[in-house]
Amino acid sequence: MLLEALEGDETFVFKAVAASVQVQVEPVGRWFEAFVRRRNRNVSASFQELEEEEELSEESEDEEFQLEEYPMLRTLDPKDWKNQDHYAVLGLPHLRYKATQKQIKAAHKGIVLKHHPDKRKAAGEQIVEGDNDYFTCITKAMEILSDPVKRRAFDSVDPTFDNFVPSKSEGKDNFFEVFTPVFERNARWSSKKHVPKLGTLESSFEEVDNFYSFWYNFDSWREFSYLDEEEKEKAECRDERRWIEKQNRASRAQRKKEEMNRIRTLVDTAYSCDPRIKKFKEEEKARKESEKKAKAEAKKREQEEKERAQQAELEAARLAKEKEEEEAKQAAQQAKKEKEIQKKAIKKERQKLRTTCKNWNYFADNEADSVKMMEEVEKLCDRLELTSLQSLNEILASGSKEDSKAAVEKQVQEVNAQLQKEKEAEVQARQAARSAEQAGGGGGAGGKGWNEDDLQLLIKAVNLFPAGTNARWEVIANYMNLHSTSGTKRSAKDVINKAKNLQRLDPTQKDEINRKAFEKFKKEHSCVPATIDNAMPSERFDASGGDGSAAPWTTEEQKLLEQALKTYPVSTPERWEKIAAAVPGRSKKDCMKRYKELVEMVKAKKAAQEQVAAKSKK
């Protein structure tokens, strides 16, 4: 990229720039070494330049730093090295964890040159023999701080680090002044380099959320192996080493847990005291309230629109219905008017036909023919339509008597022929319906015909076994097979079909069947002596005796008889006389005959039910 011309300078173009050419260059010497380092570390040349600049800046800082000699150095006990401040021993209490390796080495070199036993001995100072000299503390400090693992372990328990967590009351009034240095102190334990700042009161929601998300998921490298009470190197056997390692792991885990609880308490306290969180919550609450209000208003408007639309639809439907009703009313009125007009016209034409025929004496010479023709004329008035009546009246008005008579007789013949066709069609329809009913009576044995005895027996069985009886239709079919005189075996399906056909019969046909049944009963019982032994099971309308009288047992009489049978048991003297006295209008013979009929009915009913039950068990 070319630089811009300075003010007052002019730019001239001498000739066009040649096209760029790509040339392969092989690095050699120190450039080759830099190339290899970049390739192995997978970094760019610009990144390496930045690192070199940082190293140069560190070297310049190393040159500038000064040692602060520990005043208590000469009084240190080498045996108590674990409780000593190694940074202070090397003269780096002001740098501590920020000190680089070069600074540590330079500090160690300077302190060794001054406190080495040979130097002090040459100066005439008395030296303690063995490892009891304080110079051993300098060696131990260098050993720990030069090893990254041991240095991290010592930094984790830095005696100068403040683990204090402010309380809510302390950070409530001046939040940022209290918590900002605390978070900056604890940021040194983060495994991630870029730690977000606490910020200010004007920080955005994203910045605050990012800050608390980072600290709630804080990844700390702080570990507490430096505080191990036992050293596994001092163990005498493998089992003892394992036991020491187990104890150390447990103590480290406990201290790590306490450290994470401290960080979490710090973050929770800051979050509860942060005025920005309160502000964001109030804004969020206000936003939700406004959204809720807007949503409620939108819903209300939508409901109002819906109600208006419904009202409009109802109003339109009402108007359409009123219009339709009005049109239907007008059409009905118009039809009524037309019907009245047609009715009046027909009445007029009929009256005209009657008057004309009457004037011609109904085209007859005697009274009988006149009456017969009068009936035919009335038939024409009833059957002919308006146009036919008008045509016939025109012929009668313009023609002679003979022509009028011929026209009337022709019309009468047509009407009679039409009536005859309708009558024949009605007869055929009845025959077809009767055939269909007979065909629908069931197939197999049920289709062979039902005589009057079978129909009476079916009616009796249906009354004897009312709805609710177990396997009712099988019991009715079995009862009919036991008592039928035709010998035809009926199935439950045949009985059901025939019962349905009987229900579809007209009331007059039902009355006819009942009348025939009663006549048959009367005929059969008129020649039988009135003895108790000859009494047979009968229907409720059986005759009371053999004298031909057919007085049926009413429901009230039946109840009185049943009550008397309960009141007077078998051991009662003159039992039947007392029972007859309890039933007004019935003799002793009537009561005994009725009792026997009831017994036979019950026996037949039980037998039919038992037979059906036995079949079902098989």
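This is a predicted model: local features need pLDDT of at least 70, side-chain atom pairs count only at pLDDT 80 or more; totals for chains, interfaces and linings use all residues.
User: How many residues does helix H12 have, and what does it reach from first C-alpha to last?

Analyst: The expected span of a helix is 1.5 Å times one less than its number of residues. H12 covers residues 275–359, so 85 residues, and its 122 Å reach is close to the expected 126 Å.

User: Which residues of H12 are buried?

Analyst: Buried means under 20% relative accessible area, exposed means over 50%, and partly exposed is in between (1.4 Å probe, protein chains only). In H12 the buried ones are Arg276, Ile277, Phe280, Ile346, Glu349, Leu353, Thr356 and Cys357. As background, an α-helix has 3.6 residues a turn, so residues three or four places apart point the same way.

User: What do the buried residues of H12 pack against?

Analyst: Contact means heavy atoms within 4.5 Å. The buried H12 residues pack against helix H9 (175–186), H10, H11, helix H13 (367–383) and helix H14 (386–398). For the chain as a whole, 29% of the 618 residues count as buried. Among contacts with a separation of 6 or more, 65% come from residues 24 or more positions apart.

User: How many salt bridges does a search of the whole structure find?

Analyst: A salt bridge is a side-chain nitrogen of Lys or Arg within 4 Å of a carboxyl oxygen of Asp or Glu. The search turns up 27 of them. One of these joins Arg74 and Glu125, at 3.0 Å from N to O. Arg74 sits in the loop between helix H2 (45–64) and helix H3 (86–89), and Glu125 in the loop between helix H5 (117–122) and helix H6 (135–146), so the pair ties together parts 51 residues apart in sequence. Arg74 is partly exposed at 44%, and Glu125 is partly exposed at 31%.

User: Are Arg222 and Glu259 buried or exposed?

Analyst: Arg222 is buried, at 4% relative accessible area, and Glu259 is buried too, at 5%. They form a salt bridge, with the closest N and O atoms 3.0 Å apart. That pair links distant parts of the chain: Arg222 is in the loop between helix H10 (205–216) and helix H11 (238–273), and Glu259 is in H11, 37 residues apart.

User: Which residues form a nonpolar patch on the surface?

Analyst: Patch residues have over 30% relative accessible area and no salt bridge; nonpolar side chains (Val, Leu, Ile, Met, Phe, Trp, Tyr) are joined within 5 Å, and like charges within 9 Å. Accessible areas come from the Shrake-Rupley method with a 1.4 Å probe, and for residues only the protein chains shown count as cover. Here Val21, Val23 and Val25 make up the patch, with about 340 Å² of accessible area together. Val21 lies in the segment before helix H1 (30–41) and counts as exposed at 67% relative accessibility.

Note on methods: Residues are numbered from 1 along each chain as its sequence is written. Side-chain values use heavy atoms; hydrogens and water are left out. Helices (H or I, at least four residues) and strands (E, at least two) are DSSP runs, numbered from the N terminus.
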